[in-house]
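Let us walk through this structure together, one region at a time. Please keep the sequence and the 3D view open as you read.

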Amino acid sequence: MAELVGVFAASHGPIIARDWDVMPADHRNKLKAGFDEIGQRLTACRPDVLIVVSPDHWVNFFISNLPAVCIGIGEEHDGPPEPFMQKVYPHTRLKGHTAFGRHLLETALAHDFEPALSHRLRLDHGTCIPLWRMGVDIALPIVPMIVNDLEEPMPSIRRCLAWGRLIRQAIESYREPLRIALLGTGGLSHSIGEATMGWIDEAFDHACIKHFSDSDDERLAAFLTEALPRTGNGAHEIRDWVVAHAAAGSKGFELIDYFPSPQTLVGAGFAAWKLSPT
Amino acid sequence: MTDYWVSKLFFDLLHDPKLAAEYRADMAAVIDRYEIKPEFRRALLADDVGTLAPLVNAYLLRFYFQIRGMPEAEFIARLHALKDQVWLKDQVREGAAHG
């Protein structure tokens with residue numbers, strides 16, 4: 001039987017890649033410390049597979065065809081298409097894990113979830129900035145799960161919690177003894193391309209941290225459902241943290257670091273969840 | 001309200017560097033290949049952030065103005081000006097309601 005061995009989350013943002021070498025050193029060091037810590041913890045888990053829950057920034061999908069959730073089941077995925085990413089993370093192919101990806105997809109369908117599937121996703125900065133900065137081994141197979149965090153209407157918070165629980169179920173019902181870790185990427189608050197662009201809503205971020213530290217999914221869902229429409233649009237990526245939270249068993253988490261990062265336009269958060277016993 | 005064709009133009013420019021180069025050389029010629037309404041065509045040619053913002057996803061808007069070569073600081077300043085307009089409108093509306 002497979003085993004969930006670690007659940008983590010980290011922020012992303014194009015400026016982290018674009019300005020890495022030119023941002024103030026003390027700020028870069030803070031970001032580096034957060035990513036390094038998560039990377040070291042992930043490595044210590046010795047995962048065989050990494051599920052990455054991330055948004056798609058108009059790379060794979062458009063409004064002509066926009067799934068709420070898409071699971072990547074291919075043997076390979078394409079590296080980031082953004083030129084600013086290719087400079088720092090020049091990997092054109094990332095290894096997938098077809099067998100587990102397909103099992104996750106089939107488990108979802110068997111439980112009345114209807115995700116889209118892809119045999120080859122292009123993994124943009126949302127996935128690849130954390131992989132790059134965490135120093136994730138390029139040989140580690142990835143099962144990408146794309147969540148629509150960008151274009152309304154989006155999956156409900158309750159559905160994201162259900163997705164997390166379903167992922168856990170899929171891991172525990174997989175017959176091979178794989179060690180599987182999960183990384184949620186995005187958030188915390190940020191505001192992109194709208195009248196409040198650049199706003200980092202620290203009150204929202206601290207409230208999220210408090211709710212993730214608790215283990216009351218109903219309160220978490222109620223808070224986010226009410227608060228998300230009133231903060232910056234980038235905060236919708238918190239859905240990827242919600243999936244991680246529920247996959248870990250909603251037993252609280254350890255905040256590795258949080259700080260507003262106006263240099264990169266995000267509330268930068270790094271976290272590792274406590275795992276509930278299987 | 002989302003405008004499909006303005007969104008499609010932005011999406012295509014994001015994914016096709018040749019089209020983006022062509023757009024930089026002759027915006028009008030590229031715009032005319034899409035079923036874009038005249039008022040939105042004017043907004044594109046004028047880099048009118050305020051008119052375009054409600055028509056497309058906010059991330060696509062940011063990508064578009066990066067392709068247009070608008071410095072991010074200027075893009076943000078133009079968006080913030082919209083916020084000021086929104087607040088001003090709210091104040092006027094509130095004043096009218098209470099006045």
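**Where the two chains meet**

In this predicted model, 17 residues of chain B are in contact with 14 residues of chain A; two residues are in contact if their C-beta atoms, placed from the backbone, lie within 7 Å. Before going further, note that this is a predicted model in which local features need pLDDT of at least 70 and side-chain atom pairs count only at pLDDT 80 or more, while totals for chains, interfaces and linings use all residues. Residues are numbered from 1 along each chain as its sequence is written, and chains are lettered from A and ligands numbered from 1 in the order in which they are written.

Look at chain B from the side that touches chain A. Two or more residues each are given to that side by α1 (4-15), α6 (58-67) and α7 (72-98) of chain B, where helices (H or I, at least four residues) and strands (E, at least two) are DSSP runs, numbered from the N terminus. The largest share, six residues, comes from α7(B). Sorted by class, this side of chain B has 11 nonpolar, four polar and two charged residues. For that count, Ala, Val, Leu, Ile, Met, Phe, Trp, Tyr, Cys and Pro are nonpolar, Asp, Glu, Lys and Arg are charged, and the others, Gly among them, are polar.

Staying with chain B, you will find seven helices and zero strands. Of its 99 residues, 27% count as buried; a residue is buried if 20 or more other C-beta atoms lie within 10 Å of its own, exposed if 12 or fewer, and partly exposed in between, with C-beta atoms placed from the backbone. Among the contacts in chain B with a separation of 6 or more, 61% are between residues 24 or more positions apart.

Two strands pair if DSSP finds at least two bridges between them. Strand β2 (residues 49-54) of chain A runs parallel to β7(A), joined by five bridges, and A:L50 stands opposite A:I142. Strand β3 (residues 69-72) of chain A pairs with β7(A) in the antiparallel sense over three bridges, with A:I71 as the bridge partner of A:M145.

The backbone deserves a look too. Most residues other than glycine have a negative phi, and most peptide bonds are trans. The bond from A:E152 to A:P153 is cis, with omega near 0°, and A:P153 sits in the loop between β7 (142-147) and α6 (157-172) of chain A. A cis bond also links A:G187 to A:L188, with omega near -15°; A:L188 is in the loop between β8 (179-185) and α7 (202-213) of chain A.

Two residues other than glycine have a positive phi. A:S250, at about 55°, lies in the loop between α9 (238-247) and β9 (253-261) of chain A. A:S250 counts as buried because 21 other C-beta atoms lie within 10 Å. B:D47, with phi near 50°, lies in the loop between α4 (38-45) and α5 (49-52) of chain B. B:D47 is partly exposed, with 17 other C-beta atoms within 10 Å.
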